[in-house]
Amino acid sequence: MSLFSPNPNRKQVFWWFLASLAIALLYMLLVMQPSFGRDYLVQDDARQHVFWMQQFRDPGLFRNDWIADYFRSIVPWGYTTFYGITAGLGIDPLVLSRFIPLGLGLVTTGFCFGICYQIFPVPIAAFLSTFLLTQNLWIKDDLASGTPRAFFYPMFTAFLYFLLQRSQKPVLWKSLLPCCVTLLLQGLFYPQTLLLSCGVLVLNFVEWQKGRIRLPQTRGEWGFVAAGLITAFLVLLPFALQTSEYGPILTAAEARPMPEFADQGRVRYFVPPLEYWLSWQRSGIFPTLWVPPLLLAGFLLPLLGRFHDRIPLLHQIRPQVKLLVDVILASLGWFFLAHALLFRLQLPSRYTQHSFRIICAVAAAIALTLLLDALWQWYQALPAVTARQTRPLLLGSAALFGAILLYFTPTPPTS
């Protein structure tokens with residue numbers, strides 16, 4: 001059986017899945033290992049979001065400390081409760097923040113594998129998607145921080161996975177219940193994830209057919225969307241009703257003349273236009289999306305779709321691939337809305353940088369698998385003599401691909 005054969009048996013899928021988890025664990029340990037056993041080494045964002053949780057173990061700490069009080073006030077309820085329960089079990093919050101990324105990373109890997117495999121049932125593509133995503137996640141310290149945004153990845157990939165299950169499971173509750181539970185957790189741990197998931201949920205039930213928009217046709221479909229949105233509304237309602245003792249959120253008009261937000265400011269935000277809209281970590285669409293460079297292969301997927309006669313494996317892509325487009329549209333919608341309502345929905349890049357990492361990894365893995373299979377099919381169709389002459393080129397191409405894939409090994413963050 002070819003390495004690129006679709007719909008393999010369960011044993012083959014299991015071994016590819018196991019390889020995905022092994023690679024993810026290896027990269028995680030490479031990044032996290034320097035922090036183990038070093039009591040005074042704390043991740044940069046954990047110094048803001050986790051330090052005050054020592055109050056769970058010693059209530060006398062940080063009394064009348066305005067900085068601790070402020071950061072406690074902005075942390076989502078689910079995140080605080082999670083660390084509070086574990087602290088009650090005797091686990092130091094700062095120690096937990098070092099180890100929790102390992103679990104979050106493995107869960108993210110598992111769901112990413114499942115998402116790619118449901119869209120394109122070729123195990124090597126699912127493996128490549130987890131490989132590329134793992135590299136990109138651990139080059140930066142979002143997941144390694146153990147802060148609320150670290151929970152985005154397992155919870156958003158879980159939502160996408162269970163949403164894809166909807167088309168495969170005729171019994172509605174088998175997909176609806178996990179989706180609603182995931183939406184609930186998103187709101188409790190990182191509300192921006194919930195807003196994004198609601199956008200994906202609505203778009204996933206809307207189709208474009210023959211130049212016209214097709215809305216859900218059955219009560220089951222309408223009920224699925226309604227249940228998800230009602231869950232989101234109930235979770236977000238307390239956030240909408242609460243008031244902060246630190247005053248209203250800063251507006252764009254107030255922030256623009258402040259030196260702190262200027263190009264050389266302490267919380268640099270208003271940078272030159274090209275950087276502002278594309279690559280800046282607080283305001284851009286594509287921050288941290290260029291490493292590893294193989295992620296850029298995801299942009300080839302729409303182009304490859306035009307070559308069905310030359311790339312037979314394209315026929316294995318299922319209609320569920322529409323989910324990738326839904327995520328892109330929902331991300332961009334919230335991104336521009338966050339810019340329009342600047343700071344009321346927090347930083348605009350939070351609605352694109354995290355979701356695009358996942359989508360680009362899946363799309364790139366599918367595109368790379370299609371190209372590799374097309375190259376292999378071309379090689380097999382060559383006459384025997386020509387094939388022997390071409391073999392060094394084929395092996396060299398495979399070695400180059402492997403070198404590029406392995407070159408961008410994550411290293412411990414410097415912050």
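## Cysteines and disulfides

The sulfur of C179 has its closest cysteine sulfur in C180, at 6.9 Å, which is too far for a bond. The sulfur of C198 likewise has its closest cysteine sulfur in C180, but here the distance is 10 Å, again too far for a bond. A disulfide is a covalent bond between the sulfur atoms of two cysteines. With a disulfide taken as a pair of cysteine sulfur atoms within 2.5 Å, the structure holds 0 of them.

As for burial, C179 has a relative accessible area of 2% and is therefore buried, and C198, at 11%, also counts as buried. These classes follow from a 1.4 Å probe applied to the protein chains only, where buried means under 20% relative accessible area, exposed over 50%, and partly exposed in between.

## Basis of the values

The model is predicted, so that local features need pLDDT of at least 70 and side-chain atom pairs count only at pLDDT 80 or more, while totals for chains, interfaces and linings use all residues. Residues are numbered from 1 along each chain as its sequence is written, and side-chain values use heavy atoms, with hydrogens and water left out.

## Aromatic pairs and charges over rings

Rings of Phe, Tyr and Trp (for Trp, the six-membered ring) pair if their centres lie within 6.5 Å, and the planes count as stacked when under 30 degrees apart, as edge-to-face when over 60, and as tilted for the rest. By this rule there are 34 aromatic pairs. One of them joins W16 and F127, whose ring centres are 5.3 Å apart and whose planes meet at 55 degrees, so the pair is tilted. The pair links distant parts of the chain, since W16 belongs to helix α1 (residues 10-32) and F127 to helix α6 (residues 123-139), 111 residues apart. Helices here are DSSP runs (H or I, at least four residues), as are strands (E, at least two), both numbered from the N terminus.

Elsewhere, ring pairs link F261, Y269, F270, Y276, W277, F335, F336 and F343 into a cluster. The charged end of R166 sits over F205, 4.0 Å from the ring centre, and that of R268 sits over W280, 4.6 Å from the ring centre.

## The largest cavity

Rolling a probe the size of a water molecule over the atoms shows where empty space is left. On a 1 Å grid over the protein atoms alone, a cavity is a set of points where a 1.4 Å probe fits but cannot get out, a pocket is an open set with protein on both sides within 12 Å along at least five of seven lines, and lining residues have an atom within 4 Å of a point. Grid points are joined across faces, edges and corners, and the volume is the space filled by probe spheres set on them.

A search of the whole structure finds 1 cavity of 30 Å³ or more, and the largest cavity holds about 40 Å³. Its lining consists of G105, T108, T109, C112, T130, L133, T134, L137 and W138. The elements giving two or more residues to this lining are α5 (93-119) and α6, and α6 gives the most, with 5 residues. By class the lining has 4 nonpolar, 5 polar and no charged residues, where Ala, Val, Leu, Ile, Met, Phe, Trp, Tyr, Cys and Pro count as nonpolar, Asp, Glu, Lys and Arg as charged, and the others, Gly among them, as polar.

## The second largest pocket

The second largest pocket contains about 430 Å³ of space. It is lined by 18 residues, of which G298, L301, P302, I328 and A363 are the closest to its centre. Two or more lining residues come from each of α13 (301-304), α14 (322-340) and α15 (353-380). This lining divides into 14 nonpolar, 3 polar and 1 charged residues.

## Positive phi in two loops

F62 has a positive phi of about 60 degrees although it is not a glycine. F62 lies in the loop between α2 (46-49) and α3 (66-74), and is partly exposed at 27% relative accessibility. Q346, also a residue other than glycine, has a positive phi near 65 degrees; Q346 is in the loop between α14 and α15 and counts as partly exposed at 37%.

Technical notes: Lys NZ or Arg CZ within 6 Å of the ring centre and 35° of its normal.
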